[in-house]
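Subject: Structure for your review

Dear colleague,

Please find below the structure that I am handing over to you. My findings follow it.

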Amino acid sequence: MRLDPPPARHERPAIDEAALTAARLADLMLAGTRARGSDRWALFLEPVPELLRDATILELRVVARRARAAYGFRDSIREALPAELTEPFLDALDRLLKALAKDALSG
């Protein structure tokens, strides 16, 4: 039994653009954590922008969910950064996850 390889990101422009948007916002969040001396959150966010830029479609769901975990109930990045940084990133992650779910249903 032969399985077809998953599509490349450029073959799913909605997913690719959502991931790149989230990566740009993750860069801003990372800079914000560093500027505020929040080493813990900087360490958490450090790999995220590059992963969002380079991950395959199959890997993106894991990356986005891990990044979204920063918005925990008891421990949240919202405590370290202002809403003008945290909320656009959260929205971008949700858009990415929605695009991935839509693609999975259609594929």
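Leaving aside its neighbours within four places in sequence, with which residues is threonine 33 in contact? The model is a predicted one, and in it threonine 33 contacts Ser38, Trp41, Ala42, Leu45, Ile77 and Leu81. Threonine 33 belongs to helix α1, which covers residues 13-35. With a relative accessible area of 0%, threonine 33 is buried, because buried means under 20%.

Next, the nonpolar core. The largest one has 34 residues, and Met29, Leu52, Leu60, Ile77, Phe89 and Leu96 have the most contacts inside it. At least two residues of this core come from each of α1, α2 (39-45), α3 (48-54), α4 (57-68) and α5 (83-106). In soluble globular proteins, nonpolar side chains tend to be buried together. Not counting residues up to four places away in sequence, leucine 52 touches, among others, Ala19, Leu60, Val63, Phe89 and Leu96.

Finally, the charged side chains. Nine salt bridges are found in the whole structure. In one of them, aspartate 103 pairs with arginine 12, and their closest N and O atoms are 2.5 Å apart. This pair links distant parts of the chain, with aspartate 103 in helix α5 and arginine 12 in the segment before α1, 91 residues apart. Aspartate 103 counts as buried at 17% relative accessibility, whereas arginine 12 is partly exposed at 27%.

Aspartate 27 forms a salt bridge with arginine 53, where the closest N and O atoms are 2.1 Å apart. Here helix α1 holds aspartate 27 and helix α3 holds arginine 53. A network of salt bridges links Asp27, Glu50 and Arg53.

Yours sincerely

Methods. Residues are numbered from 1 along each chain as its sequence is written. This is a predicted model: local features need pLDDT of at least 70, side-chain atom pairs count only at pLDDT 80 or more; totals for chains, interfaces and linings use all residues. Side-chain values use heavy atoms; hydrogens and water are left out. Helices (H or I, at least four residues) and strands (E, at least two) are DSSP runs, numbered from the N terminus. Buried means under 20% relative accessible area, exposed over 50%, partly exposed in between (1.4 Å probe, protein chains only). Contact means heavy atoms within 4.5 Å. A nonpolar core is a set of buried Ala, Val, Leu, Ile, Met, Phe, Trp, Tyr and Cys residues joined through side-chain atoms within 4.5 Å. A salt bridge is a side-chain nitrogen of Lys or Arg within 4 Å of a carboxyl oxygen of Asp or Glu.
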